[in-house]
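Please consult the sequence and the structure shown here.

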Amino acid sequence: MSQGKIIKVSGPLVVADGMSDANMQDVVRVGEQRLIGEILTMTGDQASIQVYEETSGLGPGAKVETTGAPLSVELGPGIIENIYDGIQRPLEEIVKKIGSNLARGVEVPALTREKKWAYTPVAKVGDKVIGGDIIGTVPETEVVLHKIMVPNGVSGTVEWTIKPGNYIVDEVVAKVKTEKGETVQLTMTQKWPVRVGRPYKQKYNPVAPLQSGQRIIDTMFPIAKGGTAAVPGPFGSGKTVVQHQLAKWSDVDIVVYVGCGERGNEMTDVLREFPELVDPRTGESLMKRTVLIANTSDMPVAAREASVYTGITIAEYFRDMGYAVAVIADSTSRWAEALREMSGRLEEMPGEEGYPAYLASRLAQFYERAGVVQCMGSEDRVGSLTAVGAVSPPGGDLSEPVSQGTMRIVKVFWSLDASLAYRRHFPAINWLNSHSLYLDTMKPWFDEHFGPAFMENRNKAMSLLQEEDNLNEIVQLVGKDSLSAGDQLTLETAKMVREDFLQQNAFMDVDSYSTHDRQMRLLAMILDFDRLARDAIAKGAPLAPMLEIPSKEKIGRAKFVEADKYVQEYAAISQEMEREIAAIVEKAGAEL
């Protein structure tokens, strides 16, 4: 191990000399308290190190020791339901050990060495295995079966395997004899450097939607499983709320939630809420499939930069088991600010608004790790990793570098609007500024499962909302009464789409989560009103009585109908609406 001495301390940046044996990106231990750091640059035998802990009290002359390994995460049973900091230190274990989660220099393994896991071997003696093959399984929680995989780069023949039973994570569970005649001992854990994407055989085009239960997302701007999305918006517009809803209700197997530089109370909300919420797919607590990485705004800034890599590496590990995983980063702006701070201390040439010139490439490296992939191993396994990042532009200015860099990379853009949030319209996603580039690739999936009417209705609703925006400018000039009956109906239907379909109430269980089928039927009913009313106007019927029919009021309350009754209720409302509008047409015809 190489040892050097500190010659300069500048906040989280430490410069040490005598480090000629160390390498770029090596993890080092700094000072008597053995603070964790990572080498950023090497100049001769001098190393610039970012320290992931508070550096107060450090001074020149203190020792720096390299571990010879890059910043890595420990992967194995015990990750699910855990809460880690940005460099995968288990916060709950640290609290149990020393009573504070921010003590310096504490060394606690990421995976507990005390708990025994029920291990069942899958591979048999004599089996040929390659990297990625499953050698055993552990029921980690009631909903996640943890698959113990052969580490990448190891291949050969299984020459010994442990009997089914309860074991701690670092016990040897299998031995593999390689072609060179060496014996490799395999445990339930493996390590992986966080800045290197885990390998896969092949990447596919994402074609199936990720169902979030949020109508504006699932119907209007859907994201594919294995896709990328950004949630930009000014302060108070509900970015964290949207991300919490995605983490709660997305139909994925595992959620990795990275609280990156956000407020501590928001992570506390997650910790309190998730164990109490029930996953609609499994009936179990949501925490049973969730990993939390908390690097809140009061924690050391350098670890914030590492936290997103820690999160996405853990997500890739579960993706390699063949699971659908979502990694939710809140927020990438705070991560970019950590990059900017470290770049400034390194005295690098600043780019736009002081961010480093490599900001866009770092953002791309994060989002490019998403995708639908064929996993490593001899069996045919497909896993997906969906990446969703919040962007917090100062003052809501979407022309700033982080928003622009993100927009160029991601394919779904849910633009949050503070004025909608202030009007209590949630989710506050602005339908005129948002977009999804997955609509074309997912159209065959929607057509197959819901018929072509689903996408047709989606496009019709979007065109109504855009027409409403154009008509509002005219209304402000000349008033609503000067519009034709058809244009007045457009305004009314667009209002129904906004208030009765796009707006959701997270405090009502029945409305906080909406299935694809329910969304399709609700939107079809609103557009049926529009179609029937237009036909009636064409036959000479007046618009005013049609806007006051009882069934229109029932459509407004339709989203609150109980989940097991909505099919019959919606059908009954549609029949009642047809009768009422037909009666208005008949009356108008009789008067003529």
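The model is predicted: local features need pLDDT of at least 70, side-chain atom pairs count only at pLDDT 80 or more, and totals for chains, interfaces and linings use all residues. Residues are numbered from 1 along each chain as its sequence is written, and side-chain values use heavy atoms, without hydrogens and water.

Strands are DSSP runs of E with at least two residues, numbered from the N terminus. Strand 15 covers residues 174–177. A174 and V176 form its covered face, while K175 and K177 lie on the uncovered one. Two strands count as paired if DSSP finds at least two bridges between them. The pairings of strand 15 are as follows.

| Partner of strand 15 | Sense | Bridges | Residues opposite |
|---|---|---|---|
| Strand 13 (residues 156–161) | antiparallel | four | T157 and K177 |

Five residues separate strand 15 from strand 16 in their hairpin, where G181 has a positive phi near 90°.

A pocket is an open set of points on a 1 Å grid over the protein atoms alone, where a 1.4 Å probe fits, with protein on both sides within 12 Å along at least five of seven lines; lining residues have an atom within 4 Å of a point. The second largest pocket has a volume of about 500 Å³, taken as the space filled by probe spheres set on the points, which are joined across faces, edges and corners. Its lining has 19 residues, of which R29, I36, S72, I87 and K191 are the closest to the centre. Strand 3 (26–30), strand 6 (63–70) and strand 7 (72–75) each give two or more residues to this lining.

Notes
Buried < 20%, exposed > 50% of the residue type's maximum accessible area, 1.4 Å probe, protein only.
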